[in-house]
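Dear colleague,

Please find the structure for your first reading below.

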Amino acid sequence: MPKLIVAFCTYNRASRLPELINALRQQTCPVPFEILAVNNNSKDNTLAVLEQLAHEPGVTLRFVTESQPGIVPARNRATEECLAADYMLFLDDDELPRPGWLAAAHTALTQDDAACVGGRVAVNFAPNPRPTWLGDELLGFLAEVDYGAVPFWIKDASTPVWTANVAYRMAIFRANPNLRFDLRYNRQGNIGGGEDAMMFRRLLDLGVKLRYEPSMVVEHFVEPWRLHRSYFLKLHYAAGRRVGQFAPDDYPTGVLGVPPFMVTQALRQWGRTAAMYLKCHPQALRQAMNATHALGQIAGRFARGRGANN
């Protein structure tokens, strides 16, 4: 078993795999490492491409298939496959690591003694043009992470790091057998998720030493279907629904678990949204995202009140 494993989960992105594997094989690291691909029941020729890439020279590529659909089973399968290693690094199959990515992660995990380290995620729109309406304030919802050029220890939830670019000491998973990605936040399809946010919060609760390392950089290539206003609205509705259903605040409830004040707040949010759109306000979309999140929370609490808690 190599000391370090670079893992990614993949679904129907066979065309991206050669460039990703090539970029990973060009990384340097002071310790032996291998690449692990978790195929999540891809319908394209992912398996054939992985088989071909596995026989090419360079760093070992190993691949497995996780038959249970969704990103959470795939991430948990990767975790299980890496349990005997010292370190596991996650990135996504629509990303490419920049030179020095792997070495920076290894340094943070060893010399800096971090148990979990996350780096920068730089959004790349190529080959598509960036929509004029897509402001910098929205880039975080396309997985961008950039907390500046200075490393620091993460102390609270204000500076989260995501599985788009994160490294772990596997000892934390061996010491906590129940520490896995939460199936309630599984994503099947394009919208949903939140499993990495919940993992981040679990690590904070456990007191794990978390670090931000800005020299650990990946580029995230945004697919065209995300470059629509409707994507941001659907994303926020889904996030609100998960909060309402699985992590609700402890308020006195009204009908089927929905506090009346939440309905009032949602109506105000939608009224503010309508007014901003009528005035062509540049932040109208961001306000609409807040309104859909509020609506999602109501839907989630309603589902919880009906007993749909998993």
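How many disulfides does a search of the whole structure find? The search finds 0 disulfides. Please keep in mind throughout that this is a predicted model.

Cysteines

Cys116 is in no disulfide, and the nearest cysteine sulfur, which belongs to Cys82, is 14 Å away. A disulfide would need the two sulfur atoms to be within 2.5 Å. Is Cys116 buried or exposed? Cys116 counts as buried, because its relative accessibility is 1%. Cys280, by contrast, is exposed, with a relative accessible area of 67%.

Backbone features

Most residues other than glycine have a negative phi, and most peptide bonds are trans.

The peptide bond that runs from Ala126 to Pro127 is cis, with omega near 5°. Pro127 belongs to the loop between strand 6 (116-124) and strand 7 (152-154).

Ala143 is found in the loop between strand 6 and strand 7. Although Ala143 is not a glycine, its phi is positive, at about 85°. Its relative accessible area is 21%, so Ala143 is partly exposed; the cut-off for a buried residue is under 20%.

Asp113 has a phi near 65°, again a positive value in a residue other than glycine. Asp113 sits in the loop between helix 4 (101-110) and strand 6. With a relative accessible area of 40%, Asp113 is partly exposed.

Which residues of helix 2 (residues 46-54) are buried? They are Thr46, Val49, Leu50 and Leu53. Seen down the axis of helix 2, these buried residues fall within an arc of 100°, and therefore they line one face of the helix. What do they pack against? Their partners are strand 1 (4-10), helix 1 (17-25), strand 2 (33-39) and strand 3 (61-65).

Helix 4 is mostly covered, since 7 of its 10 residues are buried. The buried residues are Trp101, Leu102, Ala104, Ala105, His106, Ala108 and Leu109.

The surroundings of His220

His220 is part of strand 9 (residues 210-221). This histidine is buried, with a relative accessible area of 4%. Which residues is His220 in contact with, leaving aside its neighbours within four places in sequence? Its contacts are Asp94, Glu95, Val121, Ala122, Val123, Asn124, Leu142 and Ala143. Among them is Ala143, the residue described above for its positive phi. As for Asn45, it lies 175 residues from His220 along the chain, and the C-alpha atoms of the two are separated by 22 Å.

A patch on the surface

Finally, please look at the surface. Tyr237, Trp270 and Leu295 form a nonpolar patch there, and together they have about 260 Å² of accessible area. Where is Leu295 placed? Leu295 is in helix 9 (residues 284-305). Leu295 is partly exposed, with a relative accessible area of 38%.

With kind regards

Key. Residues numbered from 1 in each chain as written. Predicted model: local features only at pLDDT ≥ 70, side-chain atom pairs only at ≥ 80, totals over all residues. Heavy atoms only, no water. Buried < 20%, exposed > 50% of the residue type's maximum accessible area, 1.4 Å probe, protein only. Helix = DSSP H or I, 4+ residues; strand = E, 2+ residues; numbered from the N terminus. Patch = residues over 30% accessible without salt bridge, like charges linked within 9 Å, V, L, I, M, F, W, Y side chains within 5 Å. Areas by Shrake-Rupley, 256 points an atom, 1.4 Å probe, with all protein chains shown as cover. Salt bridge = Lys/Arg side-chain N within 4 Å of Asp/Glu carboxyl O. Arc of directions from axis to C-beta. Contact = heavy atoms within 4.5 Å.
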